[in-house]
Amino acid sequence: MQNTLAFAKRLATGNSSILQAAAAIRPAPLLRPNQPQRYQQMRGYPVPIVHENASLETEQDVPSRIKRLVWPSTYTHISMVREATHAARTGKNDTGRETAQSESKRAVGSRLDEMFRQEMGGSERPREADLLAFLDGYYAIGDTDGCIAVLFRMRECGVTPTRPQYAMVLKLAARAHDPSKIYLVGEEMGLAGLEDTNENYDTYYNALVECLANNRSVELAYSVYLEMRERGMVPKQCPVHYVVARLAEIGELDLALQVVDESARDSTTLMWFTHMTLLSHASFYMHYGAYKAAFKQLHSVFGMQITKGNYDAGLSIASMAGDYRLATTILGTLGRLGFPVREREYEALFDSLLVRGSWETAFKVLGNMRKTGYGRTPRTLRTLTRALAKDHKGDKDRQRVIGQVYDILVETSAAMPEVLDTTTLNALVAASALTQDYRAVTEQLETWFTKHSVRRNIDTYTGVLDAFIQGEDNKAAAVRVLAMMLDVDGIGPTKEIYELMIHLSLRSFNYEDAFVYLESMRAQKLAPGWRTYAAIVKRCAHVRDPRAAVALDEMRRLGYAVTPSLETLSSSGGYGGKAADADADADADADGGRLFRFDPPEKSKNKDEDMDKLDSLLMKDILGADAFKT
């Protein structure tokens with residue numbers, strides 16, 4: 001303890017021997033070669049920036065002065081970095097550092113320009129070493145114009161730049177995103193007598209493609225890329241990335257995928273972000289080929305994860321393309337990453353199997369989904385209907401395929417009873433109705449449901465009638481299906497059923513039945529939609545029926561938008577004129593503002609009795625009075 005106090009006392013008195021001993025104990029800083037000696041004498045943090053004016057005065061040769069100007073001493077460099085870092089830290093961003101760098105480059109650039117004018121303005125011919133030093137200095141500070149000026153001066157002085165020097169300036173011009181500067185360098189290469197070979201102009205074309213792509217000149221960039229291919233050049237990694245990215249941005253994913261494939265054939269290794277860019281835009285545009293190629297590279301080659309949104313887009317793309325392998329891979333990846341696999345993800349796998357035509361596997365997937373409580377809504381089975389009826393409208397052979405799918409469904413239901421229910425049979429019957437084979441549809445409605453003790457519901461008849469709308473001469477078949485719904489199953493018509501029957505009736509020569517269904521809707525206080533009213537207006541105006549104007553008035557009372565086309569069609573559809581309008585208004589007033597003279601049954605306290613009377617009147621009008629004779 002006494003020795004420690006004595007040592008502190010001697011240190012406080014300023015004993016030089018003790019200070020020297022302490023300095024000797026202190027480790028010397030790690031220095032790089034040619035580092036200033038004043039840094040060794042520095043204690044603590046560096047003090048303010050020391051300008052290089054004094055050092056420039058002592059240097060005589062141009063390369064040394066340029067080196068001093070462009071690459072300052074380590075002491076000055078560290079001071080600038082610390083000041084910029086402090087400014088960035090206080091400003092919570094990189095603004096301070098960027099400002100310090102830009103100001104430093106501008107200051108060095110102005111001084112370098114002044115030096116260049118002084119050296120090049122004399123009567124003596126500049127040395128080649130001086131020109132190369134100026135070229136390196138302008139390149140170091142990122143001054144493309146200065147580099148081009150040095151190239152011009154070199155040609156005037158008879159100094160031919162080498163290919164790497166041209167490449168250095170071209171890369172700098174490409175980073176500046178200014179194609180005009182690249183064109184100037186290319187012109188200078190020609191004036192300097194550089195031979196037009198692929199080896200000499202490889203960097204020029206690569207820099208031009210990169211610059212044009214970054215400048216959003218996609219068409220020009222791709223045309224230059226094609227010119228490179230015609231000349232037998234192999235584009236570098238960076239230009240290919242920008243071409244792929246810009247083509248994908250504008251939706252030209254086929255061309256972008258072609259560029260990627262050509263790079264693979266040329267053994268040009270693309271980085272992960274090129275494939276990620278392609279995959280992101282393929283997800284947006286729902287492009288199967290581009291998504292599959294990019295996903296394969298990211299998943300198998302780079303082993304990278306993508307966002308949940310891109311995984312969901314991939315499932316949608318796989319379901320539309322019928323690629324169940326891609327859907328299975330994505331589902332397995334989501335499970336490993338801890339994402340919950342919900343009904344929507346399982347539906348993508350189910351849809352991809354249906355599009356592919358793997359009916360048995362699809363029904364097994366449906367059975368597993370229903371064991372977990374999924375896949376019981378009509379939405380899940382919509383793809384089954386579309387897959388069975390796609391591009392086979394009116395094809396009798398399609399009925400044979402539907403029968404085969406039905407047999408597969410029955411076989412699968414032996415091990416998985418969950419797959420055979422009303423929703424599944426509804427999808428099959430709706431697909432059969434899209435073929436417009438009305439006799440087969442009626443038979444399937446009667447036999448399939450009865451054989452398996454499955455009850456028909458309102459969705460069964462809605463799907464069949466909706467399919468009948470897409471055909472011709474199908475009103476009689478629709479009436480028979482409607483009679484089955486009312487009489488056999490005792491299911492009351494809904495708003496959608498009424499509207500479907502109205503649309504079917506409007507397509508007939510005698511469309512008065514449409515107003516019968518419309519009045520039935522009014523009796524049940526169901527308001528038709530805008531589409532139904534618009535169809536009535538168009539049909540009435542087509543045959544100069546004054547009830548078109550009454551329909552427009554009802555649309556206004558219900559708050560529906562009356563478009564100018566409907567107004568024009570109603571006013572000039574053939575019955576126009578003030579006299580005809582007056583007659584239509586008189587008819588509407590005499591009938592209480594309704595579209596037709598049809599008195600609904602009197603309301604009673606028993607709602608079932610009202611429905612029976614309404615259905616009786618409705619079916620009498622459709623099938624005739626003889627249909628109800630006992």
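Where is the place of serine 319 in this structure? Serine 319 belongs to helix 17, which covers residues 308-321. The numbered points below set this residue and several others in context.

1. Basis of the note. This is a predicted model, in which local features need pLDDT of at least 70, side-chain atom pairs count only at pLDDT 80 or more, and totals for chains, interfaces and linings use all residues. Residues are numbered from 1 along each chain as its sequence is written, and side-chain values use heavy atoms, with hydrogens and water left out.

2. Overall make-up. The secondary structure of the protein chain consists of 33 helices and zero strands; helices (H or I, at least four residues) and strands (E, at least two) are DSSP runs, numbered from the N terminus. Of the 630 residues in the chain, 44% are buried. Here buried means under 20% relative accessible area, exposed over 50%, and partly exposed in between, with a 1.4 Å probe and protein chains only. The chain exposes about 34,000 Å², and carbon and sulfur atoms supply 51% of that area; accessible areas come from the Shrake-Rupley method with a 1.4 Å probe, and for residues only the protein chains shown count as cover. Among contacts between residues at least 6 apart in sequence, 65% join residues at least 24 apart, where contact means heavy atoms within 4.5 Å.

3. Serine 319. With a relative accessible area of 12%, serine 319 is buried. Apart from neighbours within four places in sequence, serine 319 is in contact with Ala348, Asp351, Ser352 and Val355. Glutamate 345 is 26 residues away along the chain, and its C-alpha atom is separated from that of serine 319 by 9.9 Å.

4. The nonpolar core. The largest nonpolar core holds 152 residues, and Phe134 and Phe468 touch the most other members. Such a core is a set of buried Ala, Val, Leu, Ile, Met, Phe, Trp, Tyr and Cys residues joined through side-chain atoms within 4.5 Å. Helix 11 (residues 198-214) gives the most to this core, with nine residues.

5. Phenylalanine 468 and glutamine 436. Leaving aside neighbours within four places in sequence, the contacts of phenylalanine 468 include Ala433, Gln436, Tyr438, Val441 and Leu504. Glutamine 436 sits in the loop between helix 23 (422-434) and helix 24 (438-451). Its relative accessibility is 15%, so glutamine 436 counts as buried. The phi angle of glutamine 436 is near 65°, a positive value in a residue other than glycine.

6. Helices 15 and 16. The axes of helix 15 (residues 272-285) and helix 16 (residues 288-301) come within 8 Å and cross at roughly 145°. These axes are lines fitted to C-alpha atoms, for helices over the stretch in contact, and angles run from 0 to 180 degrees between N-to-C directions. From helix 15, Trp272, His275, Met276, Leu278, Leu279, Ala282 and Ser283 meet Ala290, Tyr291, Ala294, Phe295, Gln297 and Leu298 of helix 16. The residues of this contact divide into ten nonpolar, three polar and no charged; Ala, Val, Leu, Ile, Met, Phe, Trp, Tyr, Cys and Pro count as nonpolar, Asp, Glu, Lys and Arg as charged, and the others, Gly among them, as polar.

7. Loops on either side of helix 15. Methionine 286 lies in the loop between helix 15 and helix 16. Its phi is near 55°, a positive value in a residue other than glycine, and at 33% relative accessibility methionine 286 counts as partly exposed. Threonine 268 is placed in the loop between helix 14 (253-265) and helix 15. At 16% relative accessibility threonine 268 counts as buried, and beyond residues up to four places away in sequence it touches Val234, Pro235, Lys236, Gln237 and Ser263.

8. Proline 239. This residue has its place in helix 13 (residues 237-249) and counts as buried at 3% relative accessibility. The C-alpha atoms of proline 239 and cysteine 211, 28 residues apart along the chain, are separated by 8.3 Å.

9. Lysine 495. Helix 27 (residues 495-506) contains lysine 495, which is partly exposed with a relative accessible area of 35%. Setting aside neighbours within four places in sequence, lysine 495 is in contact with Met521, Leu526, Ala527, Pro528 and Gly529. Proline 528 is 33 residues from lysine 495 in sequence and 7.3 Å from it in space, C-alpha to C-alpha.
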